[in-house]
Amino acid sequence: MFVTFFHGVFLGLGLAVLFIGPSLFALIQASIKNGFRSAAVMAFGISLSDVLLVSLAYLGASQLLDNPKNVEYMNIIASIVLFGFGIYTLLQKHDKGDAKTAHVVVPAGKHLPIMFVKGFFLNLFNPSVFLFWVTWVAAASSQYSGKRQVAAFFAGTLGTVFATDLLKSLAANSIKRVLTPKLMKWIHYLMGIALIICGIVLISKVYFHKTLSAA
């Protein structure tokens, strides 16, 4: 059981290094803008959605992806969510004062529910994330015998992903102390643009799939 758990830990470490998606951009932006506590709540939302996706994949909801229409709808919803968060990020006001005022954190209590919902749905509506977990659920189910071993594997994986998300948030929160207000403003813009680009990529998949189907 412990060996299986550590196999999951290794997968989680690999994800922490290799996987770059809209949730990561949002996590870093939340830490820089609102502080570590807000980013930690967002990381919890992301982690909870991962647990839900793994559970759905294990229960057989992966059949949803067999229907191209379902994948298309998921991509459209995800692109709208990403566009919405990206535009919201770009339209937010920025501090114009000195370095001290630029690093004043907005009271976390006002943002915690929003951070949780943002992290949860950014991750939940990303079809590539669901497809990834479906693949690994299938692999783990064939390699390990019994629900306990599968649960131990994903406990190691998801626990490691959550822990590394917290470390990334902490690192981003530490880095902001040495950033100038102008640079922080541009980083904020870049995070918003990154979310919008992710939305464009998803909606382009729908367009090209329809084009290829019609050809």
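Does phenylalanine 120 count as buried or exposed, and at what relative accessibility? In this predicted model, local features require pLDDT of at least 70 and side-chain atom pairs pLDDT 80 or more, whereas totals for chains, interfaces and linings use all residues. Residues are numbered from 1 along each chain as its sequence is written, and side-chain values use heavy atoms, with hydrogens and water left out.

Phenylalanine 120 counts as buried, at 14% relative accessibility (buried means under 20% relative accessible area, exposed over 50%, and partly exposed in between, with a 1.4 Å probe and protein chains only). Phenylalanine 116, at 26%, counts as partly exposed. Both residues lie in helix α6 (residues 112-124), four residues apart, or about one turn of the helix; helices are DSSP runs of H or I with at least four residues, numbered from the N terminus.

A search of the whole structure finds ten aromatic pairs, where rings of Phe, Tyr and Trp (its six-membered ring) pair if their centres lie within 6.5 Å, and planes under 30 degrees apart count as stacked, over 60 as edge-to-face and the rest as tilted. The rings of phenylalanine 116 and phenylalanine 120, with centres 6.1 Å apart and planes at 20°, are stacked. Ring pairs also link Phe44, Phe116, Phe120, Phe121 and Phe162 into a cluster.

The rings of tryptophan 133 and phenylalanine 154 have their centres 6.1 Å apart and their planes at 70°, so that pair is edge-to-face. Because tryptophan 133 lies in helix α7 (residues 127-143) and phenylalanine 154 in helix α8, the pair ties together parts 21 residues apart in sequence. Tryptophan 133 is buried at 2% relative accessibility, and phenylalanine 154 is buried at 5%.

Notes: Helix = DSSP H or I, 4+ residues; strand = E, 2+ residues; numbered from the N terminus.
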